[in-house]
Amino acid sequence: MSPAPSSNSKTEPAYQVLSFQPHQEAKARKYIKRKSHPKSRGGCVGCKLSRVKCDEGKPSCARCLRCSAECQYASLDKRKIARKSASSKKGQGKDAAVFTACTPPFAFTQPSAVTLANTCLQSRSPARGVSRVSLLHHITQNFQAAHGLETVCAQLPFVVSLGMSRPYLLDVTLAVAACHLRHMYQTNSSSHDATSDTIAACRVAEHYQQSLAIRGFNRALAEPLDQESSDSVLVSAMMFNLLSFALDDDDDPALSWVFNQAPNRLAWFSMSMGLAPLLMNTKQFHDQSRLRHIFDASDDDEKTYHGDDPKPLSKVPSHWLRLCGLDYASDNPGHIFYEPVRVLAELFATPVNNQSFFLYMAFFGKVGVEFRSLLEHDSEPAMWILGYWLGLLCRFDHIWWLSARARRDYRAICIWLDKRKVRRRPGAEGLMWRHLLVDLEGATQQPLQAGTLSLHRPDPIEILE
């Protein structure tokens, strides 16, 4: 800008503006003073840093939504304090903002987390979901309190350190954090903060992070494995299982896959089955793995659950064997029901604790594509076997991601069998089913005292319709 003389400096600016256009001479125009307007004090942090006007939209302003940027607002109390002290503390640095308006109350973003986000969270946060910084802070603060995370995540520092070089592992960890955050809101329905918008934000973040993780995970599976990558894919697979097992909707048995004919109704079951071949392909790295404690807890000293030698069916009740077309003389472990019923009989008297959890999950290593196909075709023996195992899992009612599905689908299978009136069938078949349903209904009970291994209970009293 060049100065220009003016006879009335009070009303006319003393400057002209030079305007340059390609292949044209510079042109001078009169400087027009910008109209004064009230400043916006409630804008988001991103707009304030960029010194642009913010429309103050919630939960995300239009500019941040358009740029797919994380939209955060300084808390109201913080803004009031800043305005009151602005005149007396002009020379001092700005106070650190506490971001609360756009993030759920369970996941306040701490100032220290911003630095961590700049170094390790390379991907953007979803426009209308919980931010990655908030999710990382949430799982850091709640890992020990969230019962059940240790069953798939091992030690959190180990997982996060691996995630620095394996982004898909960090992505799926944040998906688990969003899932747990959603669970906290849904189970604390009395809280005024548990709004549908907040739960929806958790759900958006959960699916967004999971989609990022799946892409990276598939690429990792196509590459040669070493010790570190083996641990990374195994922990990621366990977390994917957690996410597929955790319910995203109501726990009403009527909403269970049991009463649904959708083609993907057993997707959660297929996801859990996929862990077994992955464990086989990484077996050479298990001895030096940081997950060694999990592998050791997956079997007992007698190799009851995963031993190479065939095990007898001596502990399996006779009516179970009759349901599956087996008998005590059967010696074919390749039979589709042989290993599942043998493992269920072993689990009946197995105590419930964090170590035995991995023994209970050994069931998934005993079922395969054929078993899944039987479930799709409504096979009564397959349904009863899966229902009994889900009943056993109901014993772990302290594991947040496990108990809701186990309880819902277990009840759904009981209702499904009852609707087929199996206990009213004539002759020996009806007697067999009455014994089976008594066992099924008692599967949720805690194990009996040591030395009492009987699975037999009194016949139920028949109730007329």
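View 1. W320 is buried, at 0% relative accessibility (buried means under 20% relative accessible area, with a 1.4 Å probe and protein chains only). Y388 is buried too, with a relative accessible area of 0%. This is a predicted model, where local features need pLDDT of at least 70, side-chain atom pairs count only at pLDDT 80 or more, and totals for chains, interfaces and linings use all residues. Residues are numbered from 1 along each chain as its sequence is written, and side-chain values use heavy atoms, with hydrogens and water left out. The W320 and Y388 rings make an edge-to-face aromatic pair, 4.9 Å centre to centre with 70 degrees between the planes. To pair, rings of Phe, Tyr and Trp (its six-membered ring) need centres within 6.5 Å, and planes over 60 degrees apart count as edge-to-face. W320 sits in helix α14 (residues 318-324) and Y388 in helix α18 (residues 380-393), so the pair ties together parts 68 residues apart in sequence (a helix here is a DSSP run of H or I, at least four residues, numbered from the N terminus).

**View 2. F363 with F371.** Here's another edge-to-face pair: F363 and F371, 6.3 Å centre to centre and 85 degrees between the planes. F363 is buried at 0% relative accessibility, and F371 is buried at 1%.

View 3. For C54, the nearest cysteine sulfur is that of C47, 3.9 Å away. C54 counts as buried, at 8% relative accessibility.

Definitions and conventions
A disulfide is a pair of cysteine sulfur atoms within 2.5 Å. Buried means under 20% relative accessible area, exposed over 50%, partly exposed in between (1.4 Å probe, protein chains only). Rings of Phe, Tyr and Trp (its six-membered ring) pair if their centres lie within 6.5 Å; planes under 30 degrees apart count as stacked, over 60 as edge-to-face and the rest as tilted. Helices (H or I, at least four residues) and strands (E, at least two) are DSSP runs, numbered from the N terminus.
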